[in-house]
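Open the model in a viewer that can select by residue number. The tour goes from one selection to the next and says what is found at each stop.

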Amino acid sequence: MSKRTAIIGAGAIGGVVGGLVSKAGYDVTLVDQWPEHVDAIKKNGLLVSTRTGEHQTSPKALHIHELQGVSEPFDMAFVAVKSYDTEWATTLMLRYVKPDGVFVDFQNGINDERVAAIAGKERTLGCVITISSGCYEPGKVVRTDTNTHGFKIGEQDGSDTPRARELVDMINNVAETSLTTNLWGERWSKLMVNCMNNAQAGLTGYGTAEVRTRPDTMRIGIQIAAEVVRVGRAHGKTLGSVMGLSPDAIVDAAEGRNIEDVEMALMETARHAGSEGRPSFLQDVMKCRRTEIDFLNGYVSEFGRKAGVPTPFCDKITEIVNGLGVGFKSDPRHIQPLIEMLP
């Protein structure tokens, strides 16, 4: 527990993880660009709310400019910023992490190779996140789901290493965590879920449970998820089930077979999501911030073109979001072009 860990990005996920890991006795420093949030943590600590109670935690907190005063380098840095901030955040932390220290990609989307290009592949691990969380006011974060399993830690080359297992032990203090030897397959599996739900939630304003269970968004989501599965497999990735959703069942449902199996699985994931669950994409829209569309559905479209796999639903939803620009207001009418595309 003596290893020093920095988390660049103290929002929803970074805050929940940093707060609960620090509560377990680990040396954690949160680094963030939201001044009021950092000041609140410094003054009163970080309140982490979960479905089972509230936890008053005391991680250290730094404004970005205060990194210049760090004299002892960190052993680990978790990159928990938005996908579009990956490069600068990783570059910033390079100077403050030991030469043999590790970087952990703690983000939505598939950014591992971009972190590794800066920090070095031999120093980079990935974490696939299956919990849901939010951050709406300074000094407070909330975990909104009731999923038992929360994280999967993996080396990029699929090896089983002591440092990966050490991280599993550490993150087990937040939620059940396992080691994976199939990081890339797990990333594409999680991308399947993110792509089917997140942008739709941002466009419509529906929460996680609602976007998974409304007939129109459910049908659109199935088509999007099937595109992710086809593209991932075309690039040689071995996708597995995530949150009870089987890639094979998703493709079957998109092609009109056994749709009820996927509908039942989505209903179950909605039950665990909780009524207050909002995907990070919707949280960004609510805060009038840039979205991660180009690193989610846009990423699938890009890799679909490389493999010659059609991705009409990912293409269209990316076009809609980018066409609305930064600061748009959620409205269910935004998804009407997608509804009209349904078979």
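Predicted model: local features only at pLDDT ≥ 70, side-chain atom pairs only at ≥ 80, totals over all residues.

Select threonine 91. Threonine 91 sits in helix α3, which covers residues 86–94. Show its side chain: it reaches the backbone oxygen of glutamate 87 at 2.8 Å.

Lysine 237 is 146 residues from threonine 91 along the chain, and the C-alpha atoms of the two are separated by 28 Å. Lysine 237 is also one of the contacts of tryptophan 188, the next stop.

Select tryptophan 188 and what surrounds it. Which residues does tryptophan 188 contact, leaving aside its neighbours within four places in sequence? They are Ile110, Val228, Val231, Gly232, Lys237, Leu239, Tyr299, Val300 and Phe303. Trp188 belongs to the largest nonpolar core, which has 46 residues; together with Leu191, Met192 and Val300 it touches the most other members. To see the helices around this core, colour α6 (183–204), α8 (215–234), α9 (247–254), α10 (259–273), α11 (280–286), α12 (297–307) and α13 (312–324), each of which supplies at least two of its residues. Another core, of 37 residues, lies apart from it; select Val16, Phe151, Val168 and Ala175, which are among its members.

Next, switch to a cartoon view for the sheet. This open sheet has 4 strands in the order β4-β3-β10-β9, with mixed pairing. Its edge strands are β4 (53–57) and β9 (133–137), each pairing on one side only. From one strand to the next the twist averages 20 degrees. Zoom in on β3 (residues 46–50), which pairs with β4 in the antiparallel sense over 5 bridges. Then show helix α2 (residues 35–44), which lies across β3, β4, β9 and β10 (140–143) and runs at about 95 degrees to β3.

The last stop is a pair of cysteines. How many disulfides does the model contain? The count comes to 0. Select cysteine 195: the nearest cysteine sulfur, that of cysteine 314, is 5.2 Å away. Cysteine 195 is in no disulfide, because a disulfide needs the two sulfur atoms within 2.5 Å. Cysteine 314 is likewise in no disulfide.

Conventions
Residues numbered from 1 in each chain as written. Heavy atoms only, no water. Core = buried A, V, L, I, M, F, W, Y, C linked by side-chain atoms within 4.5 Å. Buried < 20%, exposed > 50% of the residue type's maximum accessible area, 1.4 Å probe, protein only. Contact = heavy atoms within 4.5 Å. Polar contact = N/O pair within 3.5 Å; in protein donor to acceptor, adjacent residues only side chain to side chain. Pairing = 2+ DSSP bridges. Axes fitted to C-alpha atoms, helices over the stretch in contact; angles between N-to-C directions.
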